[in-house]
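Hi,

Here is the structure I promised to pass on.

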Amino acid sequence: MMAGVDMVHVPYRGAGPAFNDLLAGQVQVMFPTTVSSIGYIRAGRLRALAVTAATRDEVLPGIPTVGEFVPGYEASQWYGVGVPKDTPAAIVDKLNKEINAALADPKMKARLTDLGGTPFQGSPADFGKFIADETEKWGKVIQALNIKAD
């Protein structure tokens, strides 16, 4: 949308089949996560053109961000942990403390970084704000493109 490029979205049932078609030349471009594609990139089977995050990836420092040639572009895949809204605060706080500790562990951090992941630590409130911001950002895209659920 931001670059005015017309692409056809081809839905796949997972990254495996999508990579098969990309590597076989059945599709010309894919927007995979760094974690899922870094092995193919390191093996020379895929050529990374850009990363979609706001900053260059530590494991792919020579690869530009899309935002370097499409100002304002940023799209990142992320994972988080959620619990039912009526979960007691003490449990939420304990889970948050332990998850943050795991993400701060040097071995865990090094492994995630080596795979192209970027661990983020924070509070449940930080995560709630992040989700709200993402919902607003992508909601605008959905409205601008008049995207409807099938």
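Below is what I found, going from the overall fold to a few local spots.

First, a word on what you're looking at: this is a predicted model, not an experimental one. The chain averages a pLDDT of 93, and 100% of the residues score at least 70. Going element by element, helix H3 (residues 89-104) has the highest mean pLDDT, at 96, while helix H4 (residues 106-114) has the lowest, at 91.

On to the overall picture. The chain has five helices and zero strands, so from the N terminus the order of elements is simply α-α-α-α-α. Along the principal axes, the C-alpha atoms fill a box of roughly 50 × 40 × 30 Å. Of the 150 residues, 17% count as buried. The chain exposes about 11,300 Å², and carbon and sulfur atoms supply 59% of that. As for contacts with a separation of 6 or more, 36% of them involve residues 24 or more positions apart.

Now the aromatics. How many aromatic pairs are there? The count comes to three. Take Trp-78 and Phe-127: their ring centres are 5.7 Å apart and their planes sit at 85°, and because an angle over 60 degrees counts as edge-to-face, that is what this pair is. This pair links distant parts of the chain, with Trp-78 in the loop between helix H2 (34-42) and H3 and Phe-127 in helix H5 (residues 124-144), 49 residues apart.

Since Phe-130 lies in helix H5 and Trp-78 in the loop between H2 and H3, the pair ties together parts that are 52 residues apart in sequence. Phe-130 comes out as partly exposed, with 34% relative accessibility. Put together, Trp-78, Phe-127 and Phe-130 form one aromatic cluster.

Next, the surface. Which residues make the nonpolar surface patch of about 490 Å²? They are Met-1, Met-2, Ile-142, Leu-145 and Ile-147. Met-1 sits in the segment before helix H1 (15-23). Its relative accessible area is 55%, and because anything over 50% counts as exposed, Met-1 falls in that class.

Last, Pro-119, which is in the loop between H4 and H5. Why does Pro-119 count as buried? Its relative accessible area is 18%, and the class takes in everything under 20%, so Pro-119 qualifies. Leaving aside neighbours within four places in sequence, Pro-119 is in contact with Leu-103, Lys-109, Leu-112 and Thr-113. For Leu-103, which is 16 residues away along the chain, the C-alpha to C-alpha separation from Pro-119 is 6.2 Å.

If you open the model, I'd start with the cluster of Trp-78, Phe-127 and Phe-130, and then turn to Pro-119 and its contacts, among them Leu-103.

Cheers

Key
Residues are numbered from 1 along each chain as its sequence is written. This is a predicted model: local features need pLDDT of at least 70, side-chain atom pairs count only at pLDDT 80 or more; totals for chains, interfaces and linings use all residues. Side-chain values use heavy atoms; hydrogens and water are left out. pLDDT is the predictor's confidence in each residue, from 0 to 100. Helices (H or I, at least four residues) and strands (E, at least two) are DSSP runs, numbered from the N terminus. Rings of Phe, Tyr and Trp (its six-membered ring) pair if their centres lie within 6.5 Å; planes under 30 degrees apart count as stacked, over 60 as edge-to-face and the rest as tilted. Buried means under 20% relative accessible area, exposed over 50%, partly exposed in between (1.4 Å probe, protein chains only). Patches are made of residues with over 30% relative accessible area and no salt bridge: like charges are joined within 9 Å, nonpolar side chains (Val, Leu, Ile, Met, Phe, Trp, Tyr) within 5 Å. Accessible areas come from the Shrake-Rupley method with a 1.4 Å probe; for residues, only the protein chains shown count as cover. A salt bridge is a side-chain nitrogen of Lys or Arg within 4 Å of a carboxyl oxygen of Asp or Glu. Contact means heavy atoms within 4.5 Å.
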